[in-house]
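I open this notebook to record what I looked up in the structure shown below.

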Amino acid sequence: MSLIRETDYGTPIRLSPERVTLTIDGQAVSVPRGTSVMAAAMGLGTQIPKLCATDNLEPFGSCRLCLVQIEGRRGYPASCTTPAEEKMVVHTQSPEIAKRRKGVMELYISDHPLDCLTCSANGDCELQDMAGKVGLREVRYGYDGANHLSAAKDESNPYFTFEASKCIACSRCVRACEEVQGTFALTMLARGFDSKISPGGTDFMGSECVSCGACVQACPTATLNEKSVIEIGVPEHSVVTTCAYCGVGCSFKAEMKGETVVRMVPFKDGKANAGHSCVKGRFAFGYATHKDRKTKPMIRAKITDPWREVTWKEAIDHAASEFKRIQAEYGRDSIGGITSSRCTNEETYLVQKLVRGAFGNNNVDTCARVCHSPTGYGLMSTLGTSAGTQDFASVDHADVVLVIGANPTDGHPVFASRMKRRLRAGARLIVADPRRIDLVRTPHVAADYHLQLMPGSNVALLNAMAHVVVTEGLIDEDYVRARCEMPAFETWARFVARPDNAPEAVQDVTGVPAADVRGAARLYATGGNAGIYYGLGVTEHSQGSTTVMAMANLAMVTGNIGKLGAGVNPLRGQNNVQGSCDMGSFPHEFPGYRHVANDAVRESFEAIWGVPLSGEPGLRIPNMLDEAVGGGFKGLYIQGEDIAQSDPDTQHVTAGLRAMECVVIQDLFLNETAKYAHVFLPGSSFLEKDGTFTNAERRINRVRRVMTPLGGLADWEATMALSNALGFPMNYTHPSEIMDEVARLTPTFSGVSYQKLDTLGSIQWPCNEASPTGTPMMHVDRFVRGQGRFMITEFVPTEERTGARFPLILTTGRILSQYNVGAQTRRTENSRWHEEDVLEIHPFDAEHRGIKNGELVSLASRSGDITLPARISERMQPGVVYTTFHHASTGANVVTTDHTDWATNCPEYKVTAVQVRRTNHISAWQEKNAEEDFSLMRLASLEEAPAE
Ligand code: SF4
Ligand code: SF4
Ligand code: SF4
Ligand code: FES
């Protein structure tokens, strides 16, 4: 194995349909118009020396190393900034060119530390490579002149250093921060010899930098370099895999030394990220080898007993016999399983297969229940499929972008960078969010409308926008007539046209001025291609499914589905939310969203699995917990989820878990749920297994094993062992065989195989006979369900009401550096950016309560109360407070309620009536939880453990 090096064409690939033909060093080459001479030469395999150019940045023309001669032109033009032209004749080599290039390089090297042999980038440095390429052997000027060799080093960022003495002022970092990331954190100060890079006059840590790594990637020298490379040395081989954090699904090269990951480098050919990354995928992988990893199986009879390390066989046999005992005693339906949106498709498929085939019921659910289940329901009802409509690249064609209930710069940063690029190029922006998220105003981007609605009023707002479209004659009538069910449309149009849906009628509910709603609706309907991007601020409501349907209605009535730049696009939270839903993790659906009551579908699974299957939908997670509290549900197998921290109304969740007799946890760490577990099976990180993840674009990406599972087994192997111990045989030798079975049983996956994935890089489902290489955009000529169906979306206010006791609304979310329950990111340096959860509160509400910035406050709801520090912030609107749930010790979900979406039971995390008061002590729950951390996580002494 060796290091994968992608070709660098020097300047961006141009896609013009027009082509020009030129001659370079005597060879003819034809390229799209707009291609640079440098990129055209690279197409012939001629790499012209370069320093300031790289193909993900626009050409800059500052280093002058890439000069060439062009017949009929004077001088030596820079090949990076010169577009190829028809009949141009170019020479890239001549004695005079060589002399000039050497002269340029000499100047650079005369002001550069001569420590190549001991430099951390030795062997991985473009400056070093180019010096060799131009044949530089000596520097005539000596090294004693004015130089920058004593320039200070900035080591403030936890992941990379900035060693100014090595900087050649090529500006690639500045341009990467602007063009690729869109943060504009860096500037080039001064000019000429005095020019230097500055992160806004401070150090990197104190600057606007979000640590995405784009500048480090772009830097051709060791000036910006990963600390891991400095510590471990340059990597020796690499493997392409997929980030295990968010639903963007970025591809990375895991660059390794033996079995040690030296760094994760975003892969240029990655279709979701095109070589970009965020701080989590790029740098926060250290959790995989953190000392807290539990790598030995453990069991205990009671949750108050200490854990005892055992062999895999003993743990699996114990779990299987307990599950059998419980079923014999309490009935077939008394146990169930939970799949994980962080595990691979193959692993989630196996868990649901185990539940249906070995447990003999359909009690399987997934953590997607608590985030995007309304997406499945809403899009299935209106469009006919439970997934987003576009690929990410579609946003490059959007004229109007409507972001609702999503905070892409924090939650989906790499897609946000792409979206911001389009917005900087002129697309218009509507943001509907209770908070002033970064996107509302960020460098060179400003929302045309920020509809700062009250949490819980999404449906009223969208109905009001639809009202404007219908009553002001902005309907795309041809589209609706050709593509949609007319009777349903007519009923819906009459519904939204009702006066009580007018912006003026609902502004007291939404808090958004009617004029803004009218303006935004007109812009969305008439501004050209309009794409909707949404997140959990849409789904995690009592009307989550209704909101998804309202967005689909709005897109259909304006003709904004089935074309580039449009669509209804869920931004998925976790890496494999889409995949875990696709793989049949819901209690009523087999893989491919087919109902368990469908006899033909069930028979097809029975034929391959060799067991009779139940046609009765099973229990959802909240129902399992309710049943457990009621005494009828006693055993649970949880793969890679921490419901005691992530699910709402913590005290109800833990009461359910306490009431069970056998809880099996399969995880990397002893998480909060493990406090209530009887069997612990060591989980494997994404670096330790093969498989696939499916991102928010329905894109199936390969996950490749780069190191041996620390616990000895990959997650799919552990599930197989449990299934075999239960008497339901599973005998896969590689996850590719699991995918082959998925393909055999699931029409939308019938064309998927590992071989095809390796050839194409990734595949967007449906992939079948009709679309053998996948489907980037859905509903192009017709909707998957045939005709689009408008659904009535009556606004029903949540039952969670504010009043004298609880006058404020709490809404929750996430931030860039942390991820979900924080189990991974809290075990990395990312915590430097977010050490604890805080409560954001508007200055008015804070002043009213005498609260100062940083003071401890009590946050209380009808469910419970916690204590956390306050952060006074104008991002909030009066009456609304906000926090994150990344830290188990804070316990944000102690406060959230058990209200759920009417159709899917997705919890209403986004609306909780609360009161906030100053306090000087932690809450009773936090005190008890800290004690339980100690008492329920004890480990018996290692001497008691048997040898493997
Ligand atoms: S790490 Fe990213 S945000 Fe920070 S300076 Fe570099 S490019 Fe800009
Ligand atoms: S830090 Fe690197 S990329 Fe930035 S100007 Fe210096 S050498 Fe170029
Ligand atoms: S955007 Fe998401 S998938 Fe990409 S690197 Fe960041 S966390 Fe990973
Ligand atoms: S690479 Fe062309 S001027 Fe620097």
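**Entry: cysteines.** I looked up C119 and found that its sulfur lies 6.3 Å from the closest cysteine sulfur, that of C125, which is too far for a bond. A disulfide is a covalent bond between the sulfur atoms of two cysteines. I counted a disulfide where a pair of cysteine sulfur atoms lies within 2.5 Å, and the structure holds zero of them. C119 is buried, with a relative accessible area of 14%; buried stands for under 20% relative accessible area, exposed for over 50% and partly exposed for values in between, with a 1.4 Å probe and protein chains only.

**Entry: conventions.** I note that this is a predicted model, in which local features need pLDDT of at least 70, side-chain atom pairs count only at pLDDT 80 or more, and totals for chains, interfaces and linings use all residues. Residues are numbered from 1 along each chain as its sequence is written, chains are lettered from A and ligands numbered from 1 in the order in which they are written, and side-chain values use heavy atoms, with hydrogens and water left out.

**Entry: ligand 3.** I listed the residues around ligand 3 (a heavy atom within 4 Å); they include C243, C246, C250, C278 and K280. The elements that give two or more residues to this shell are α7 (279-283) and α12 (413-424). By class, the shell has nine nonpolar, two polar and one charged residues. C250, one of the shell residues, is buried at a relative accessible area of 7%.

**Entry: ligand 2.** I found 14 residues around ligand 2, of which C167, C170, S171, C173 and C219 come nearest.

**Entry: S831.** I located S831 in the loop between β32 (808-813) and β33 (839-841). S831 is buried, with a relative accessible area of 16%. Leaving out residues up to four places away in sequence, S831 touches Q818, T825 and R826 (contact: heavy atoms within 4.5 Å).

**Entry: whole chain.** I counted 29 helices and 37 strands in the protein chain, taken as DSSP runs (helices H or I, at least four residues; strands E, at least two) numbered from the N terminus. The radius of gyration is 29 Å, close to the 30 Å of the globule rule for 948 residues, so the chain is as compact as a globular protein of that length; the radius is taken over C-alpha atoms, and the rule is 2.2 Å times the number of residues to the power 0.38. Of the 948 residues, 64% count as buried.

Note on methods:
Nonpolar A, V, L, I, M, F, W, Y, C, P; charged D, E, K, R; others polar.
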